[in-house]
Amino acid sequence: MTTRLTSKTIFLLTLPPLLWAGNAIVGRLVHDQLPPVLLNFLRWGIAFFLLLPLAGPVFRRDAGLWKHWKRYAMLGLLGIGMYNALQYMALQSSTPINVTLVASGMPVWMMLTGWLFFGVPVNRRQVAGAVLSIAGVLLVLARGEWRHVLELRLVPGDLFMILATIAWSFYSWLLTRTTEPAGIRADWAGFLLAQVAFGVLWSGGFALGEQALGAIPVQWSRALAAALLYVSTGPAIIAFGCWGADVREAGPSVGSFFVNLTPLFAAVLSAAFLGEAPHGYHAAAFALIVGGIVVSARRG
């Protein structure tokens with residue numbers, strides 16, 4: 001799928017990676033304060049109550065939600081119940097560098113999922129764009145020295161991130177398949193709340209299973225409360241709202257290249273909050289990632 005990117009689309013597809021970069025940092029900071037699956041459940045539980053005043057009518061009997069409940073249950077499972085829980089699980093045992101490196105394969109998984117399961121052809125521009133974009137991500141992860149990539153070792157957390165990336169690919173392609181009433185799709189809050197309602201049920205069930213297996217106890221604090229407030233608003237409501245609206249316009253394949261801005265934003269946030277000064281390779285990586293986006297989105 002190719003599309004002409006407008007300034008609005010570029011902005012709204014760039015905002016989620018910025019917020020998700022912050023989500024990864026926060027998830028790592030609190031990984032020893034509460035279990036990862038419980039973190040995901042609390043995150044989306046808070047988001048549910050924040051969205052309810054904005055889109056409560058979506059639960060009315062005549063709103064169309066219940067007629068298409070299987071679709072929203074699947075979206076809630078893939079995008080909310082699985083992706084975020086798997087990401088937080090990955091941050092338990094894998095380094096941020098490895099997690100981001102695995103997630104950089106998003107364009108490849110997105111193209112394969114669209115081709116194998118949704119009948120979407122892959123063109124040469126998308127392949128070339130994937131190569132450029134992933135090269136930019138690798139440059140960031142290697143901190144300007146390619147030998148650092150060769151020193152990386154996969155751990156169980158990396159497998160969790162691979163599964164998360166695959167789940168997100170299916171979620172994004174399902175967003176492009178419109179079967180529900182236009183009224184729900186036109187209301188971003190209602191459309192998101194319909195997914196979150198089922199996602200909370202999925203993540204709640206997964207959290208119960210986590211507790212049954214012997215999860216670590218929660219260490220409540222003001223910092224943890226602030227972290228929960230952030231991950232339930234910015235990376236959840238705002239980012240998902242932007243992604244859901246614009247991935248339908250730009251297409252999942254193009255949108256996946258914007259996801260590769262996440263590690264670049266993570267490097268910038270590290271510089272801002274951890275005192276790590278940016279380097280010249282950050283600018284070079286940015287050029288490669290943006291180049292991949294432009295190449296993949298070009299018309300014939």
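The radius of gyration of the protein chain is 19 Å in this predicted model. A compact globule of 300 residues would have a value near 19 Å, so the chain agrees with that expectation. Along the principal axes, the C-alpha atoms fill a box of roughly 55 × 50 × 30 Å. Of the 300 residues, 53% count as buried.

The secondary structure comprises 14 helices and 0 strands. Read from the N terminus, the order of elements is α-α-α-α-α-α-α-α-α-α-α-α-α-α.

The packing of helix α3 against helix α10 was examined next. Helix α3 covers residues 69-93, and helix α10 covers residues 188-212. Their axes come within 7 Å. The crossing angle is roughly 65°, and the crossing is right-handed. On the α3 side, the contact is made by W69, R71, Y72, A73, L75, G76, L77, I80 and G81. On the α10 side, F191, A194, Q195, V196, F198, G199, W202, S203 and F206 take part. By residue class, this contact of α3 with α10 divides into 12 nonpolar, 5 polar and 1 charged.

F198 illustrates the contact from the α10 side. This residue lies in helix α10 and is one of those that meet α3. F198 has a relative accessible area of 14%, under the 20% limit, and is therefore buried. Leaving aside neighbours within four places in sequence, F198 is in contact with L65, W66, W69, Y72 and A73. Of these partners, W69, Y72 and A73 are among the α3 residues that meet α10. The C-alpha atoms of F198 and G76 are 5.2 Å apart in space, although 122 residues separate the two in sequence.

K70 is placed in helix α3. Its relative accessible area is 60%, over the 50% limit, so K70 is exposed. F198, by comparison, is buried. From K70 to F198 the C-alpha distance is 9.6 Å, with a sequence separation of 128 residues.

Aromatic rings form a further set of contacts. The count comes to 15 aromatic pairs. In one of them, Y83 with W168, the ring centres are 4.8 Å apart. The ring planes of Y83 and W168 meet at 45°, so this pair is tilted. Y83 belongs to helix α3 and W168 to helix α8, and the pair links parts of the chain 85 residues apart. Y83 and W168 are both buried. Ring pairs also extend beyond these two residues: W20, W44, Y83, W168, Y171 and F240 are linked into a cluster.

Helix α8, which spans residues 156-175, also holds W173. The relative accessible area of W173 is 1%, so the residue is buried. W173 and G251 have their C-alpha atoms 8.2 Å apart in space. In sequence, W173 and G251 are 78 residues apart.

M111 provides an example from another helix. M111 sits in helix α5, which covers residues 106-117. With a relative accessible area of 9%, M111 is buried. The C-alpha atoms of M111 and N123 are separated by 9.6 Å. Along the chain, M111 and N123 are 12 residues apart.

Note on methods: Residues numbered from 1 in each chain as written. Predicted model: local features only at pLDDT ≥ 70, side-chain atom pairs only at ≥ 80, totals over all residues. Heavy atoms only, no water. Axes fitted to C-alpha atoms, helices over the stretch in contact; angles between N-to-C directions. Helix = DSSP H or I, 4+ residues; strand = E, 2+ residues; numbered from the N terminus. Left-handed = near helix turned anticlockwise from the far one by under 90°. Contact = heavy atoms within 4.5 Å. Nonpolar A, V, L, I, M, F, W, Y, C, P; charged D, E, K, R; others polar. Buried < 20%, exposed > 50% of the residue type's maximum accessible area, 1.4 Å probe, protein only. Phe/Tyr/Trp six-rings, centres within 6.5 Å; stacked < 30°, edge-to-face > 60°. Rg over C-alpha atoms; globule rule 2.2 N^0.38 Å.
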